[in-house]
Amino acid sequence: LELRCTGIIKLLIKTPGIRYSELSLNRLFMLDDPHHFLTNNTKLRQRQLMHIRDIYKKLTEDSKAYAHELFGKIVGPMLREVSIELYEMCVNHLKEPDDTHLFLWALIFDGDELDLSRIFWSRCRSPVRVALLGSTLCRKMSVSS
């Protein structure tokens, strides 16, 4: 995902048995984004640095719930600034990584292409709701840049 190779990602997500629960959302949200929406968020970066060791620990079955809790602590406040609904959905309702998280991540990291965003959006359980929240995120990104 970090390399954003659309063709490879399409193949991977169609592979039987692929599980997003193995993904570290915290690591993905640490990358430098092209619009500097996350990179310039000093409070987010401070929270990431405070938990850097935990973010890079290997995920085990026992640590997956903690990884999501950590996502709520680190990325959650930034999501709440965008929209309380976005925060509620990503932190409280979804208990492990899914297409909604990856859609939002792709919106931030896709730049102007949006290929990855479209892939993950088409797989979301509530595509209209997620699209509306995605537009809220895009609006926030445009204001902050």
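Me: At roughly what angle do the axes of α7 and α8 cross?

Reply: Welcome to this predicted model! Helices here are DSSP runs (H or I, at least four residues; strands are E, at least two), numbered from the N terminus. Axes are lines fitted to C-alpha atoms, for helices over the stretch in contact, with angles from 0 to 180 degrees between N-to-C directions. The axes of α7 and α8 come within 10 Å, and they cross at roughly 130°.

Me: What pLDDT do local features need here?

Reply: Residues are numbered from 1 along each chain as its sequence is written, and side-chain values use heavy atoms, leaving out hydrogens and water. Side-chain atom pairs count only at pLDDT 80 or more, totals for chains, interfaces and linings use all residues, and local features need pLDDT of at least 70.

Me: Which handedness does the crossing of α7 and α8 have?

Reply: A crossing is left-handed if the near helix is turned anticlockwise from the far one by less than a right angle, and right-handed if clockwise. The crossing of α7 and α10 is left-handed. As α7 passes α8, the crossing is left-handed.

Me: Is F109 buried or exposed?

Reply: You can find F109 in helix α8, with its C-alpha 9.5 Å from that of L28, although 81 residues separate them in sequence. Buried means under 20% relative accessible area, exposed over 50% and partly exposed in between (1.4 Å probe, protein chains only). Because its relative accessible area is 2%, F109 is buried.

Me: How far apart in space are P34 and D110, C-alpha to C-alpha?

Reply: P34 lies in the loop between α2 and α3 and, at 40% relative accessibility, counts as partly exposed. In sequence P34 and D110 are 76 residues apart, while their C-alpha distance is 7.8 Å.

Me: What is the phi of H36, roughly?

Reply: H36 is found in the loop between α2 and α3 (42–50). At 41% relative accessibility, H36 counts as partly exposed. Although H36 is not a glycine, its phi is positive, at about 60°.

Me: What separates the C-alpha atoms of T60 and G7?

Reply: T60 sits in the loop between α4 (52–55) and α5 (64–74), and it counts as partly exposed at 39% relative accessibility. E61 is found in the loop between α4 and α5 and is exposed, with a relative accessible area of 57%. T60 and G7 are 53 residues apart along the chain, and their C-alpha atoms are separated by 28 Å.

Me: Which residue's ring lies under the charged end of R80?

Reply: A charge sits over a ring if NZ of Lys or CZ of Arg is within 6 Å of the ring centre and within 35 degrees of the ring normal. Here the charged end of R80 is 4.1 Å from the ring centre of Y87.
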